[in-house]
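Dear colleague,

I am handing over the structure below, and my notes on it follow. Please read them with the model open beside you.

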Amino acid sequence: MRVGELMLRSGAGAPSVEAAVIGVAVAAGVGEMDIDLTMQSLHIQARTPSGSSISRLRVVRAPQMDFGRLASVHSLVDDVISGETSIDQARVRLQEIRRAPRTWARWIVTTSQGAVAAGVAMALGAGWVGVLVALLTAIVVDRVLRALSAVHLPDFYTGAIGGAVATVVAFVAYALGSLEWFPMTPSDFAYVVAGGIVMLLPARTITSAMEDIIGGYPVTGTARLFAVLLHSFGLIVGVAAGLTASLAVVEMLGVVLSPPDVGRLAWASASPQTVLIGSAIVGAAGAITVQARRRMLVPAALLGVVAVGLASYLTQSGLGRVTATGIAAVTLGFAARLVALRMDSPPITLGIPASFGLMPGLSIFIGLYHLTVPGSDAGGQGWTSVLTALGIILAIATGVTLGEVLAAPLDSPVNQRRRLAGVRDTRDDPSGASHPGT
């Protein structure tokens with residue numbers, strides 16, 4: 001129960017949690033058990049060798065993304081299943097994992113969130129001023145949301161507030177761009193907002209939702225997916241509100257300000273070298289934001305470069321943006337599983353941060369700009385861009401999950417023993433109940 005609870009709290013998906021719980025139970029000699037998982041709860045019913053029944057329920061109401069702690073639990077489960085660690089030793093280790101401090105301090109995480117936004121802006125083609133503004137904007141948004149965390153606002157409102165703050169701060173910087181010492185171009189304004197959107201998108205939750213649905217947990221997956229859509233719509237509302245308010249203030253003050261020509265903006269207009277450098281920054285900084293281990297930073301950066309580079313090449317070759325992103329996501333999921341398991345970590349610790357560079361922040365902004373600015377939505381470009389962005393988000397989530405599934409036959413021997421333990425548990429169950437997580 002404590003293993004499953006800690007995994008849920010650290011950001012693991014339902015199939016991974018069930019597989020780990022079954023593996024530990026089999027290693028401990030529990031032959032008959034039923035597991036029920038939802039977004040926030042873990043319910044286990046088991047029968048002891050004497051024939052008595054035990055029922056336990058754990059609820060996780062406030063999960064915190066902590067991939068470093070999740071990797072430690074992953075390693076512990078492997079050691080228990082392989083017999084290298086006894087159950088008594090596992091209890092001690094699990095307590096140490098629970099009490100251990102987080103890998104990265106809060107101020108480092110905040111700075112890394114700024115680095116994610118700056119890396120996205122750099123890859124898109126922003127100048128040095130735009131990159132700096134993106135960094136500072138993301139830090140401001142993080143501090144604002146951090147201050148509001150005491151109010152316990154729902155995700156919809158935090159997404160809306162974050163999107164509005166990111167847009168307003170970027171627009172203020174753009175308005176100051178008329179000064180010679182602060183040369184921020186209209187394109188930089190769009191790239192800064194795009195970086196802020198990527199930082200606020202619930203990348204981990206959407207991937208968990210797809211993993212749960214594909215892994216046989218439709219109720220949990222649907223709940224996660226609905227939460228993702230609600231958070232995303234809140235973000236969209238916030239960006240649109242911030243853009244509308246900024247344009248209204250400019251018009252009221254009579255300031256002469258050329259609007260950004262978003263129709264000419266490409267997904268990544270920077271040079272190939274700059275795109276790859278920005279992607280590496282996004283991957284490494286993204287790993288810090290999810291509290292990944294220090295040794296995972298370089299692999300996350302390299303996988304981010306591979307994913308973004310492949311998506312850029314396929315897009316330039318004529319493939320649609322959604323298709324190119326989906327292929328890149330499958331490649332990313334495949335490589336993340338191969339590398340992460342051999343580094344004694346679950347695949348999501350690499351797949352999630354490396355996918356940040358694929359997120360469609362610019363598409364969302366362009367669509368909202370067309371829908372917000374009067375007379376700019378020629379031919380319904382706004383809704384087309386927003387729907388394309390949502391399609392890209394789903395392509396990333398499903399692609400990463402598919403890549404992990406395709407790489408499963410190449411798992412390390414320890415993980416193969418974990419699956420065999422689950423199979424033995426299923427065969428030994430007199431009721432014939434199956435365990436999809438194995």
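**Notes on the model**

Thr 220 counts as buried, because its relative accessibility is 4%, where buried means under 20% relative accessible area, exposed means over 50%, and partly exposed is in between (1.4 Å probe, protein chains only). The place of Thr 220 is in helix α10, residues 218–253; helices here are DSSP runs of H or I with at least four residues, strands are runs of E with at least two, and both are numbered from the N terminus. If neighbours within four places in sequence are left aside, Thr 220 is in contact with Leu 37, Thr 38, Met 39 and Asp 212, a contact being heavy atoms within 4.5 Å.

This is a predicted model, in which local features need pLDDT of at least 70 and side-chain atom pairs count only at pLDDT 80 or more, while totals for chains, interfaces and linings use all residues. Residues are numbered from 1 along each chain as its sequence is written, and side-chain values use heavy atoms, with hydrogens and water left out.

**Confidence and overall make-up**

The average pLDDT of the protein is 82, and 86% of the residues score at least 70, pLDDT being the predictor's confidence in each residue, from 0 to 100. Over residues 429–438 the pLDDT is below 50, and this stretch has 20 contacts in the model beyond near neighbours in sequence. The secondary structure comes to 17 helices and three strands, and buried residues make up 52% of the 438 residues. Of the contacts between residues at least 6 apart in sequence, 72% join residues at least 24 apart. The accessible surface is about 18,900 Å², with 64% of it belonging to carbon and sulfur atoms; such areas come from the Shrake-Rupley method with a 1.4 Å probe, and for residues only the protein chains shown count as cover.

**The interior**

The largest nonpolar core has 115 residues, and those with the most contacts inside it are Met 7, Ile 35, Leu 37, Met 184, Phe 189 and Ile 197. Helix α8 (residues 186–200) gives the largest share of this core, ten residues. A nonpolar core is a set of buried Ala, Val, Leu, Ile, Met, Phe, Trp, Tyr and Cys residues joined through side-chain atoms within 4.5 Å. Leu 37, named above among the core residues with the most contacts, is also one of the contacts of Thr 220.

Leaving aside neighbours within four places in sequence, Thr 167 is in contact with Phe 189, Val 193, Val 239, Gly 242 and Leu 243.

**Salt bridges**

The structure holds eleven salt bridges, each being a side-chain nitrogen of Lys or Arg within 4 Å of a carboxyl oxygen of Asp or Glu. One of them joins Glu 5 and Arg 98, whose closest N and O atoms are 3.8 Å apart. Since Glu 5 lies in helix α1 (residues 2–10) and Arg 98 in helix α4 (residues 87–99), the pair ties together parts that are 93 residues apart in sequence. Glu 5 is buried at 9% relative accessible area, whereas Arg 98 is partly exposed at 36%. Both residues belong to a network of salt bridges that links Glu 5, Arg 9, Arg 58 and Arg 98.

Another salt bridge brings together the side chains of Arg 106 and Asp 142, at 2.8 Å from N to O. This pair links distant parts of the chain, with Arg 106 in helix α5 and Asp 142 in helix α6, 36 residues apart. Arg 106 is partly exposed, with a relative accessible area of 33%, while Asp 142 counts as buried at 7%.

**Two backbone points to inspect**

Gln 291 has a positive phi of about 60° although it is not a glycine; this residue is placed in the loop between α11 (272–289) and α12 (297–316) and is buried, with a relative accessible area of 3%. Asp 344, likewise not a glycine, has a positive phi of about 65°, lies in the loop between α13 (321–342) and α14 (348–354), and counts as partly exposed at 28% relative accessibility.

With best regards
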